[in-house]
Amino acid sequence: MYKPTKEELKALFDECNQMYFWGKLGKCSFFYFPKTTLGCLGKYQYKNDSKGRPNDQIWFGQIVHWTEKELRRVMIHEMVHMYNKRVEKHWWYGLLGHGQCFRKHRRRIRRDFGIDIMDGREAVYVKEEYKPKRWEKILLWLIDR
């Protein structure tokens, strides 16, 4: 099973930052969810340290058979959340952070680069018996509208 190193994730982040976000995103740390976390491919988490400096984090699923294409898609997805928060300075959440600001960039990336950052159909979980629950499918359908 391929699990990207933090150096590989940083290199991908830097490449995507230049290509899709005009180099405007700052530093970011990368982490993996515990192996017990099922059904989650990625998550963006923002905090400020005690001096008010950004401490952004992107988390990745650990029980996923990562492909380069799927890793890039999830990375861009989480970077859109980061761009909404840190660069545009507004965060209209919508459903799980996928509101108006997020959808604007989703359409731009799909139109300009042919990447649908909400399409998780290629994700293959290590635990093959894991199948998304009905509520997860409904939630993804609602987010996609």
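The buried residues of α3 are covered by elements that include α1 (6-21) and α2 (68-87), where helices (H or I, at least four residues) and strands (E, at least two) are DSSP runs numbered from the N terminus. This is a predicted model, in which local features need pLDDT of at least 70 and side-chain atom pairs count only at pLDDT 80 or more, whereas totals for chains, interfaces and linings use all residues. Residues are numbered from 1 along each chain as its sequence is written, and side-chain values use heavy atoms, with hydrogens and water left out.

Helix α3 itself spans residues 100-113, and its 14 residues reach 20 Å from the first C-alpha to the last, close to the 20 Å expected at 1.5 Å a residue, the expected span being 1.5 Å times one less than the number of residues. Its buried residues are Cys 101, Phe 102, His 105, Arg 106, Arg 108 and Ile 109, with buried meaning under 20% relative accessible area, exposed over 50% and partly exposed in between (1.4 Å probe, protein chains only). Because these residues cover an arc of only 165 degrees around the axis, they lie on the same side of α3; the arc is that of the directions from the helix axis to the C-beta atoms. The face turned away from this buried side carries the exposed residues Gln 100 and Arg 111. Just after α3, Gly 114 takes a positive phi of about 70 degrees.

The two helix pairs are set out below, with axes as lines fitted to C-alpha atoms, for helices over the stretch in contact, and angles running from 0 to 180 degrees between N-to-C directions.

| Pair | Axes | Angle |
|---|---|---|
| α2 and α3 | within 10 Å | roughly 130 degrees |
| α1 and α3 | 11 Å apart | about 90 degrees |

α1 is therefore roughly perpendicular to α3, while α2 and α3 are oblique to each other; angles under 35 degrees count as roughly parallel, over 145 as roughly antiparallel, 65 to 115 as roughly perpendicular and the rest as oblique. On the α1 side, Met 19, Tyr 20 and Phe 21 meet Arg 108, Ile 109 and Phe 113 of α3, contact meaning heavy atoms within 4.5 Å.

Between α2 and α3, the contact is made by Ile 76, His 77, Val 80, His 81, Tyr 83 and Asn 84 of α2 and by Cys 101, Phe 102, His 105 and Ile 109 of α3.

In the loop between α1 and β1 (29-32) lies Trp 22, which has a positive phi of about 60 degrees although it is not a glycine. Trp 22 is partly exposed, with a relative accessible area of 47%.
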